[in-house]
Amino acid sequence: MNVAVIDYGSGNLASAARALAVAAEREGMAADVQITADPARVASADRIVLPGQGAFADCAAGLAAIPGLRAAIIAATERGAPFLGICVGMQLMAERGLEHSVTPGFGWIAGEIVPLSAPGLRLPQMGWNGLAFVQPAHPLLAGLAPGDHAYFVHSYALTGARRDQVLATTDYGGEVIAMVAAGNRAGTQFHVEKSQEVGLRILGNFLRWQPPRQP
């Protein structure tokens with residue numbers, strides 16, 4: 001299995017690749033995890049992971065700056081390759097982001113990325129928070145239990161989402177969408193690669209995931 005971790009200058013690439021390799025080993029799977037900015041490699045990958053740190057607009061610009069990379073991601077997911085966005089990588093799945101400016105996303109999930117509203121709480125949300133499951137039977141949540149904790153670092157969040165595209169939420173001054181999926185495209189607002197056992201379970205589930213292709 002070829003797993004492409006997209007390199008577009010957003011950081012946390014090495015930790016994402018390491019976590020995927022560990023998850024594959026624990027699952028007893030042979031996985032070639034490559035950090036790459038090569039559109040041809042991305043287009044032919046069996047699985048695609050898009051990490052992300054920083055601002056939505058900066059990450060979108062980083063993708064656009066590499067000729068063919070965004071198109072390769074779209075082509076690979078349209079042929080059915082499972083996709084996992086992490087943090088801003090998940091946010092880029094939305095219709096648009098409002099951080100610094102109005103920036104279009106992939107538009108794979110409904111909603112937009114807006115400043116996180118958490119009255120009286122510190123921003124960015126940084127630390128461990130429990131997960132509440134909206135779709136507990138989804139394959140990406142196999143082996144996890146409601147209340148399991150994941151590691152978050154963000155000050156923007158998805159709003160206006162379709163409930164049938166939300167897998168899990170957390171509470172930080174109100175409900176915050178933590179995990180989404182639409183067909184073969186999924187994402188976590190939390191840093192799955194830094195979420196220890198919970199993160200490795202989700203990554204293992206992702207490597208085994210056989211999702212329906214998103215039309």
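Asn205 is placed in helix α6, residues 196-208; helices (H or I, at least four residues) and strands (E, at least two) are DSSP runs numbered from the N terminus. The model is predicted: local features need pLDDT of at least 70, side-chain atom pairs count only at pLDDT 80 or more, and totals for chains, interfaces and linings use all residues. Residues are numbered from 1 along each chain as its sequence is written, and side-chain values use heavy atoms, with hydrogens and water left out.

With a relative accessible area of 9%, Asn205 is buried (buried means under 20% relative accessible area, exposed over 50%, partly exposed in between, with a 1.4 Å probe and protein chains only). Leaving aside residues up to four places away in sequence, Asn205 touches Pro139, Leu140, Leu141 and Ala142, where contact means heavy atoms within 4.5 Å. Gln196 also lies in helix α6, but this residue counts as exposed, at 56% relative accessibility.

Most residues other than glycine have a negative phi, and most peptide bonds are trans. The phi of Gln196 is positive, near 50°. His100, in the loop between β5 and β6, has a positive phi of about 75° and is exposed, at 64% relative accessibility. A cis peptide bond, with omega about 0°, joins Leu123 and Pro124; Pro124 lies in the loop between β7 and β8 (125-130).

Strands β1 (residues 2-6) and β2 (residues 32-36) run parallel and are joined by 5 bridges; two strands pair if DSSP finds at least two bridges between them. Val5 has Ile35 of β2 as its bridge partner. Between β1 and β2 the chain passes through helix α1 (residues 13-27), in a right-handed β-α-β crossover. Right-handed means that, with the strands pointing away from the viewer, the path from the first strand over the helix to the second runs clockwise.

An open sheet of 4 strands has mixed pairing and the order β6-β5-β7-β11. Strands β6 (103-104) and β11 each have a single partner strand, so one side of each is left without a neighbour in the sheet. The pairing of β5 (residues 96-97) with β6 is antiparallel, over 2 bridges, and Gly97 has Thr103 as its bridge partner in β6.
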